[in-house]
Amino acid sequence: MDFLSGIIKNLLTIFYDLTVSAGIPSYGLAIILLTVFIKMLLYPLTVKQVKSMKAMQEIQPKMKALQEKYKDNKEKLSKEMAELYKSSGVNPLAGCLPLIVQMPVLIAIFFAIKEYNYIGDTGFLWLNSLTFVDPAKEASFTNPSDPFYILPILSAVTTYVQQKQTVTDVNNAQNKMMMVFMPIFIGYITITFPAGLGIYWVVGNLVQIAQQWWMYRKPAVIQGEAK
């Protein structure tokens, strides 16, 4: 993980140097550029993940019908589910693989931005600092990293929109719960994280929302077997 984190820190330095060369030195802009770069790099995995997610959602009614029909026969249910996956061209594990691949990268980004050796001014727009203003104090609801709570609100809203794009059955109880719980949770932890991480999360969500909008606008991108 230290190796990946080191790479992310070097990339952040490169993007910061670009802002210096452009005459607008800004760690905030550097984090935005870094986020866009990484999201574009991971775009093929995002396509695979969304494709698999959509395929699984489309066969949900059939899965529920089988689960109800064979609820007392687990062996038969397993066989029928396997046959459903095969006939639908769906690999139930395909959606997990991109997440597994991305997780080390996401964790590395988290620590890279949090532990980066910022030099000089780290203010950005309305933010006094992209790190903790007072390192001796932990950020909390009463001592937020963003004094105006703008980043936490944007984190929650963009997380909700990003989820809503991919959920087909909004009436499903589990989907409803996740669409409420996740944005609130993300908004809360953004309050307690350094503001630089909040910028990364908001920009990352915005890029992914744009990517998913493009995928759904071009059905050919997400059609086909989720292998």
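Predicted model: local features only at pLDDT ≥ 70, side-chain atom pairs only at ≥ 80, totals over all residues.
Local features were taken where pLDDT is at least 70 and side-chain atom pairs at pLDDT 80 or more, whereas totals for chains, interfaces and linings use all residues. Residues are numbered from 1 along each chain as its sequence is written, and side-chain values use heavy atoms, with hydrogens and water left out.

The structure holds 2 salt bridges, a salt bridge being a side-chain nitrogen of Lys or Arg within 4 Å of a carboxyl oxygen of Asp or Glu. One of them joins the side chains of K9 and E115, at 4.0 Å from N to O. K9 belongs to helix α1 (residues 2–21) and E115 to helix α6, so this pair ties together parts that lie 106 residues apart in sequence. Helices are DSSP runs of H or I with at least four residues, numbered from the N terminus. K9 counts as partly exposed because its relative accessibility is 24%, and E115 is also partly exposed, at 46%. Here buried means under 20% relative accessible area, exposed means over 50%, and partly exposed lies in between (1.4 Å probe, protein chains only). A salt bridge also forms between the side chains of E75 and K79, at 3.7 Å from N to O. Both residues lie in helix α5 (residues 74–88), 4 residues apart, or about one turn of the helix. E75 is exposed, with a relative accessible area of 56%, as is K79, with 54%.

The structure holds 6 aromatic pairs, in which ring centres of Phe, Tyr or Trp (its six-membered ring) lie within 6.5 Å; planes under 30 degrees apart count as stacked, over 60 as edge-to-face and the rest as tilted. Y27 and Y116 form an edge-to-face pair, with 5.9 Å between centres and 65° between planes. Both tyrosines are buried. Ring pairs link Y16, Y27, Y116 and Y118 into a cluster.

T35 lies in helix α2 (residues 27–41) and counts as buried because its relative accessibility is 0%. A polar atom of the T35 side chain lies 2.7 Å from the backbone oxygen of I31. Beyond neighbours within four places in sequence, T35 is in contact (heavy atoms within 4.5 Å) with Y200, V203 and G204.

M103, L106, I107 and F111 make a nonpolar surface patch of about 300 Å². Patch residues have over 30% relative accessible area and no salt bridge; like charges are joined within 9 Å, and nonpolar side chains (Val, Leu, Ile, Met, Phe, Trp, Tyr) within 5 Å. M103 is placed in helix α6 (residues 96–115) and counts as partly exposed, at 41% relative accessibility.

Definitions and conventions: Areas by Shrake-Rupley, 256 points an atom, 1.4 Å probe, with all protein chains shown as cover. Helix = DSSP H or I, 4+ residues; strand = E, 2+ residues; numbered from the N terminus. Polar contact = N/O pair within 3.5 Å; in protein donor to acceptor, adjacent residues only side chain to side chain.
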